[in-house]
Amino acid sequence: MPFRLTSTAGDQTFELHDGATLVVGRASASDLPVFDPTISRRHAELTCDGIVIRVRDLGSSNGTFVNGARVTEASVSPGDTIAFGKVPFRVASVTRPLATLGSELVSDEPTAANMRSSTILRERPFSQAGGLSRVLQSANLSEVKAQAVMTDEHAVTAKKLALLLEVSKQLSRATDVDALLDTIAGVVFQILDVDRVAIELLDGDGARMPRISRDRRGENAGRAIPQSIARKVVDEKVAVLSDNAPQDERFGGQSILMQSVRSAMCAPLIGSEDRVHGVLYVDNLTTTQRFDDDDLDFLVAFSNIAAVALENSAFAERIRRETLVRSNFERFFAPNLAARIAGSPDAVRLGGEKRTVAVLFSDIRGFTALSEEMRPDDVARLLSEYFTVMVEVVFRRAGTLDKFIGDAIMAQWGAPIGSTDDAGSAMAAALEMLKELDTLNAKWRTQGRPALQIGIGLNYGESFAGYIGSERRLEYTVIGDAVNTASRLCAAAEGGEILLTGEMRAALSAPPPMAERGTMELRGKSQPIPVYSVVP
């Protein structure tokens, strides 16, 4: 009669069949692997005779218990509880026909029989505790501190932990993905006895892209990772170890035979949100049984660190690009708009697009004559103060500074990202410009400096928005008839006057008081257009 062992936590289940003798332990190659720091590598032996299960402790540090009593040897039956260290299992009988069970364990772990028939020594689902946590668990540091003398096993584990810490430091210093991959390959050659290291990364469509294939001399090995191995690791998110890959029944690919692979290990590079970034592969071309479960433990731990480093590198590069883009955009766009654009790569399309925009032009009246009477330094200081205040007005109203044209300012609302009231925002900015200029003039008069007057033109309509210029210099701007008309109105406005078109007036949800200025003939227009003036 077969028996079933189920952990009280419900996360592991094993079945034992008549005549089976299986070892429970923390080692990856144990028949019944249980990864807990209170369990020894070879903790206990279970033998099933069809009537009872015989349990024998193998000298474990934390003991084996049956129904709460520590035992060296004992018999257990259905209803009893066996605890290995601090991990208890309930014993139950299996009533289904024995023929349906075969000789497999009902779990993700391979049975001893399976491992005898397959040359895979270990296959680890990444849904279980990660490789790094396993290495940490295996250290059992609290137990080490309690012992006066550290065992050889603990000494080896401590050395591995120190290596992993140093590896983490090395990977954190890599400046880009290529440098990071070089560092990963170099570290693997330092730590593991391998002939070749290869890394593939997944692109945006999930296809595997070879990035590194290097032999111990540092030369390009010129061979891809065997497809059957890489496919299994990525698709099933498992780390695998094979001591004789050509004979492994789970790897049927011809690439293994063609590349003369003997021993191989491969682990997925799994980052946050359980996302596979690629695979890390090592192999040996001359000797079988080169790797053991400790090597796989270490490769899994290392691949976890490498995956985090890859994510951090990609994140740092994205932050660097966004910071650069944002700093460039903030010269022309309002800070909140610049942040939206930097975070939305599709917000600005190369080549441009048609956009409905509100366009504002403002120009200083009589500035040419004024500048002839002032020293160049005074002119520059006066313009800098003026432009600083006017640009802040544009940004406060969520507009885009298109350009400075001499002493004129061109701003627009609606490109590359529009709002529900672009026309209203442009009008509010025009009114605020006049108000802020009054404040500036009052300050300048007290300083004995000249006052300024500006005229403003507003229009609303369709334009082309995009990058315009040469191969050496591009700038984001809007062009078209709507822009030209606003410029013409600005030129026609008197000092302190805001002129706007009928299209702009119609687009305002809450227009200020206005007066009709009649029709104007504007250069470039075949027919006169109706023009309105904002009443102060």
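## Aromatic pairs

In this predicted model, a search through the whole structure turns up three aromatic pairs. One of them joins Y386 and F387, whose ring centres lie 5.4 Å apart with planes at 50 degrees; because that angle falls between the cut-offs of 30 and 60 degrees, the pair is classed as tilted. Y386 has a relative accessibility of 0% and therefore counts as buried, and F387, at 13% relative accessibility, counts as buried as well, since the limit for that class is under 20%.

F387 also takes part in a pair with F404, again tilted, with 4.4 Å from centre to centre and 40 degrees between the planes. This pair links distant parts of the chain, given that F387 belongs to helix α11 (residues 376-396) while F404 belongs to strand β19 (residues 400-405), the two being 17 residues apart. F404 has a relative accessible area of 41%, so this residue is partly exposed. Through these ring pairs, Y386, F387 and F404 are linked into a cluster.

## A charge over a ring

Elsewhere, an arginine is placed against an aromatic face: R505 lies over the face of Y532, at a distance of 4.8 Å from the ring centre.

## The six-stranded sheet

An open sheet is built from six strands, which follow one another in the order β2-β1-β11-β10-β7-β8 with antiparallel pairing. Its edges are formed by β2 (13-16) and β8 (69-71), each of which pairs on one side only. On average, and with direction ignored, neighbouring strands of this sheet are turned by 30 degrees against each other.

Strand β1 (residues 3-7) pairs with β2 in the antiparallel sense over four bridges, and within this pairing R4 of the chain stands opposite E15 in β2. Towards its other neighbour, β1 is joined by five bridges to strand β11 (residues 87-93), the two running antiparallel; here F3 has S93 in β11 as its bridge partner.

## The hairpin of β10 and β11

Strand β10 (residues 81-84) is paired with β11 over four bridges, also in the antiparallel sense, and the bridge partner of I82 in β11 is F89. The hairpin that these two strands make has two residues between the strands, and G85 takes a positive phi near 65 degrees in it.

## The largest pocket

The largest pocket of the model has a volume of about 550 Å³. Its lining consists of 21 residues, and those that lie nearest its centre are R275, H277, L310, E311 and A314. Two or more lining residues come from each of the elements β13 (196-202), β14 (208-215), β17 (276-284) and α8 (293-329). Among the contributors to this lining, helix α8 gives the most, with nine residues.

Terms used. Residues are numbered from 1 along each chain as its sequence is written. This is a predicted model: local features need pLDDT of at least 70, side-chain atom pairs count only at pLDDT 80 or more; totals for chains, interfaces and linings use all residues. Side-chain values use heavy atoms; hydrogens and water are left out. Two strands pair if DSSP finds at least two bridges between them. Axes are lines fitted to C-alpha atoms, for helices over the stretch in contact, and angles run from 0 to 180 degrees between N-to-C directions. Rings of Phe, Tyr and Trp (its six-membered ring) pair if their centres lie within 6.5 Å; planes under 30 degrees apart count as stacked, over 60 as edge-to-face and the rest as tilted. Buried means under 20% relative accessible area, exposed over 50%, partly exposed in between (1.4 Å probe, protein chains only). A charge sits over a ring if NZ of Lys or CZ of Arg is within 6 Å of the ring centre and within 35 degrees of the ring normal. On a 1 Å grid over the protein atoms alone, a cavity is a set of points where a 1.4 Å probe fits but cannot get out, and a pocket is an open set with protein on both sides within 12 Å along at least five of seven lines; lining residues have an atom within 4 Å of a point. Grid points are joined across faces, edges and corners, and a volume is the space filled by probe spheres set on the points.
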